[in-house]
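Thanks for coming. Please have the sequence and the 3D view ready.

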Amino acid sequence: MHDPLIDGGVIRKLWISEADLYRDHLLRLDGESRRNRFGGGVSDEFIRSYVNLSTGLDAVTHGFFVDGALRGAGELRPLESGSAAEAEAAFSIEKPWQSHGVGTALLERTLLAARNRGYKLLHMACLAENRRMQQLARKFDAELTFDFGSVVGEVEAPHPTPLSVIREMMEDGHGFATAMLEVQSRLLRTA
Ligand SMILES: CC(C)(COP(=O)(O)OP(=O)(O)OC[C@H]1O[C@@H](n2cnc3c(N)ncnc32)[C@H](O)[C@@H]1OP(=O)(O)O)[C@@H](O)C(=O)NCCC(=O)NCCS
């Protein structure tokens, strides 16, 4: 189980009903991060439509929360034009929380989720000048192979194992329990 490295930070899966949190997080990205996330400059309107279209039952998005606010996300979803074994992943972390290991933790969770869903190829659209994302992908060399320009990662295990499924469930349980604590402490604060 992996705890986020920033004090008070929690990683857990987003509920479908939390699409507005995801949209607001993406809208808060600074210009450079937004460009890196979407492979080019995009408008607020684009982001709103993107979230409306991308939030679905088959997407798995892990969120990084600090004091109840979504500050980072790792999105995994099947590739529309690809085979059932292909998915794409994308990461976004708001600037003050970058370079603190959050991307690494989100990629770990995303890889585990990909493995448990039987994805063999994970695509990550990454601009050639995005050194940090490339460094991050390199940390998972054993599990990923990648090209320049757009990163194409290969998930290590072609099939989920009982252990990998249990790991994901345990991490979800941890995230859920912490999410409940967050809700309770918010209720206590407002009481
Ligand atoms: C790219 C991104 C996801 C990386 O997440 P992060 O939390 O900042 O990265 P981490 O702290 O986990 O660092 C990952 C690796 O990147 C490298 N790195 C970290 N900070 C760096 C910096 N300022 N410059 C260059 N490389 C850096 C390191 O090798 C690091 O690994 P290490 O700490 O073990 O040495 C994040 O910065 C981000 O959201 N950027 C904007 C959007 C984006 O680029 N998305 C990717 C397109 S899908």
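His62, Arg109, Leu112, Ala113, Glu168, Glu171 and Asp172 line the largest cavity. A cavity here, on a 1 Å grid over the protein atoms alone, is a set of points where a 1.4 Å probe fits but cannot get out, and lining residues have an atom within 4 Å of a point. This cavity holds about 30 Å³ of space, a volume being the space filled by probe spheres set on the points, which are joined across faces, edges and corners. The count is 1 cavity of 30 Å³ or more. Its lining divides into 2 nonpolar, 1 polar and 4 charged residues. For these classes, Ala, Val, Leu, Ile, Met, Phe, Trp, Tyr, Cys and Pro are nonpolar, Asp, Glu, Lys and Arg are charged, and the others, Gly among them, are polar. Helix 4 and helix 6 (162-190) each supply at least two of the lining residues; helices (H or I, at least four residues) and strands (E, at least two) are DSSP runs numbered from the N terminus.

A word on the source. The model is predicted, so local features need pLDDT of at least 70 and side-chain atom pairs count only at pLDDT 80 or more, while totals for chains, interfaces and linings use all residues. Residues are numbered from 1 along each chain as its sequence is written, and side-chain values use heavy atoms, with hydrogens and water left out.

Now the pockets. A pocket is an open set of points with protein on both sides within 12 Å along at least five of seven lines. The largest pocket has a volume of about 840 Å³. It is lined by 41 residues, and Asn36, Arg37, Phe91, Asn130 and Met133 are the closest to its centre. That lining has 16 nonpolar, 13 polar and 12 charged residues.

Which space does the ligand take? The ligand takes the largest pocket, where sitting in a pocket means that more than half of the molecule's atoms lie within 2 Å of its grid points.

There are 21 residues around the ligand, and Ile93, Ser99, Gly101, Gly103 and Thr104 come nearest; to be near, a residue needs a heavy atom within 4 Å. By class, this shell has 7 nonpolar, 11 polar and 3 charged residues. Helix 2 (31-38), strand 4 (86-93), helix 4 (102-116) and helix 5 (131-138) each give it at least two residues.

Next, the polar contacts, which are pairs of N or O atoms within 3.5 Å. A backbone N or O atom of isoleucine 93 is 2.7 Å from a ligand oxygen. For asparagine 130, a polar side-chain atom lies 2.8 Å from an oxygen atom of the ligand. With glutamine 135, the distance from a side-chain N or O atom to a ligand oxygen is 3.5 Å. The protein covers 76% of the 930 Å² of accessible area that the ligand has on its own, by the Shrake-Rupley method with a 1.4 Å probe.

Methods:
A polar contact is a pair of N or O atoms within 3.5 Å; within protein, one must be able to donate a hydrogen and the other to accept it, and residues adjacent in sequence count only if both atoms are side-chain atoms.
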